[in-house]
There are 2 protein chains.
Amino acid sequence: MNGMTAAPSPFSPADRPQLGLRERKKIKTREAIRTATYALVKEQGYDATTIEQIAERAEVSPSTVFRYFPTKEDIVLTDEFDPLIMEELRARPADEPWMDTLRYVMQKAVSLGMKEDEEVSRLRTHLMVQVPAVRSRMMESMSVTGTMLCEAIAERTGRDQDSLEVRVYAMSIIGALMETSLYWAENGHRDDFKVLLDRTLDVLEHGLSE
Amino acid sequence: MNGMTAAPSPFSPADRPQLGLRERKKIKTREAIRTATYALVKEQGYDATTIEQIAERAEVSPSTVFRYFPTKEDIVLTDEFDPLIMEELRARPADEPWMDTLRYVMQKAVSLGMKEDEEVSRLRTHLMVQVPAVRSRMMESMSVTGTMLCEAIAERTGRDQDSLEVRVYAMSIIGALMETSLYWAENGHRDDFKVLLDRTLDVLEHGLSE
DNA sequence: CCATCTTTTGACAGCTACTCTCATTTCATG
DNA sequence: CATGAAATGAGAGTAGCTGTCAAAAGATGG
């Protein structure tokens, strides 16, 4: 009816024939819901898009939409980079200066996120700026990333991952990255995100004292 | 019926007889709604407390509740410290080291917030930990504080307040403060918040380098 | 003190995100 | 193909939130 199910993706179900039909269908449904949502949001805006519409276009029932995503914001936002980032962090040599590690891993995470679908990245950050609910949800998920960062930092520095110091340090990084995304989106995605990221890490490293 | 309207507050309407009856009633209603909410939340928890219950106890209609607070979370969270903080920031001598200024102002803001009502501070931070919606809303309001911080930093350093560097720096501070509150609440408010604040500012100043 | 104008309020209807339950369908397995 | 498990859809229900409109309460001028 709408060709949505043929939407290409780096992880299309066809790539994993080892999975049962059930699993493959689930992945397909998930993708259909997300694709439908992106399309509708681009057409009408986030608030004007209802779950019912999404369900209709994705050719599932509204119940199913909620079975796949806990909230409407999650449909737009959910990604699964955290484990990947964690893996990269661990893969870096232990004697590498921490800031270099951070720089490297963040750059890599960004290029990964962009590759998946540049346009989606833009839509996401755009929504972050425009829709308070989405921004909030984004911050939520960032704080999850934060606890993960704590873990990595603790491993590297031998500190307690639950110590105030580690947690504060991690969250200041998260806050900084968050703001960088907002800045990028607010300025119409004109800048090269990687350059912004570099500047951000400079501030984190040396403070504002240029 | 419940003595709510007699709730003491540093800014009770009786203190400002210069205001018309209309204005005084508005302030009273606002306080009644908030007090009713705090009480109900303490009794039943946040989620179990409905707007209808709040309205009933505050002796207003549900419509009125929404006229005073845009969302349920706002009833619990809204405070008006930002302008005060801003004022304090400006009042510090321009040649004082920035970190000293920050330290002083934050300490002052905290003691101000505590004085108003220590128990409310605890309930608030407790809800921040327990209720995702409240935490999100809190982060939202923190980002407002963030743009205010940008202004102050820009004034002090002569930089552009919309520059990436200033915004990133401000948000890293906000993130850090946020996490400090969470830490405090998660650990059952056992620590002295001022001490935590000092440790946080140390991390911001010197990084994690012990 | 009364009449008039304005602000505030309450009642009500309506929308939508989200939850829960249960019967039906769809896939997996021996 | 039969049996069991998982996924789905339908429907009812809750609650946050919006908007409208008429009634009530405070402000104002004569």
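Modeller: One term before we start: a residue is called buried when its relative accessible area is under 20%. Also keep in mind that this is a predicted model.

Colleague: What share of the residues in chain A is buried?
Modeller: The cut-off is a relative accessible area under 20%. Chain A has 210 residues. Of these, the buried ones make up 49%.

Colleague: How are chain A and chain B related?
Modeller: Chain A can be laid on chain B with an RMSD of 0.1 Å. Getting there takes a turn of 180° and a shift of 0.0 Å along the axis. So the relation is that of a two-fold axis.

Colleague: Which residue of chain A has the C-alpha nearest the axis?
Modeller: Stay with that 180° turn for a moment. In chain A, the C-alpha nearest the axis lies 2.0 Å from it, and it belongs to S172(A).

Colleague: Do the copies meet through the same surface or different ones, and what share of the interface residues tells you?
Modeller: Take the interface residues of chain A and look for them in the interface of chain B. The copies meet through the same surface, because the share found there too is 100%.

Colleague: What distance separates the end C-alpha atoms of helix α6 of chain A, and what should they span?
Modeller: Helix α6 covers residues 98-116, which is 19 residues. At 1.5 Å a residue, it should span 27 Å. The end C-alpha atoms agree with that, being apart by 27 Å.

Colleague: Which helices do the buried residues of α6(A) pack against?
Modeller: The buried residues of α6(A) include W98(A), L102(A), V105(A) and M114(A). The buried residues of this helix pack against α5, α7, α8, α9 and α10 of chain A.

Colleague: Where is E59(A), the residue other than glycine with a positive phi?
Modeller: Phi of E59(A) is near 60°. As for its place, E59(A) is in the loop between α2 and α3 of chain A.

Key: Residues are numbered from 1 along each chain as its sequence is written. Chains are lettered from A and ligands numbered from 1 in the order in which they are written. This is a predicted model: local features need pLDDT of at least 70, side-chain atom pairs count only at pLDDT 80 or more; totals for chains, interfaces and linings use all residues. Side-chain values use heavy atoms; hydrogens and water are left out. Buried means under 20% relative accessible area, exposed over 50%, partly exposed in between (1.4 Å probe, protein chains only). Copies are superposed by least squares on the C-alpha atoms of residues with pLDDT of at least 70 in both. Contact means heavy atoms within 4.5 Å. Helices (H or I, at least four residues) and strands (E, at least two) are DSSP runs, numbered from the N terminus. The expected span of a helix is 1.5 Å times one less than its number of residues.
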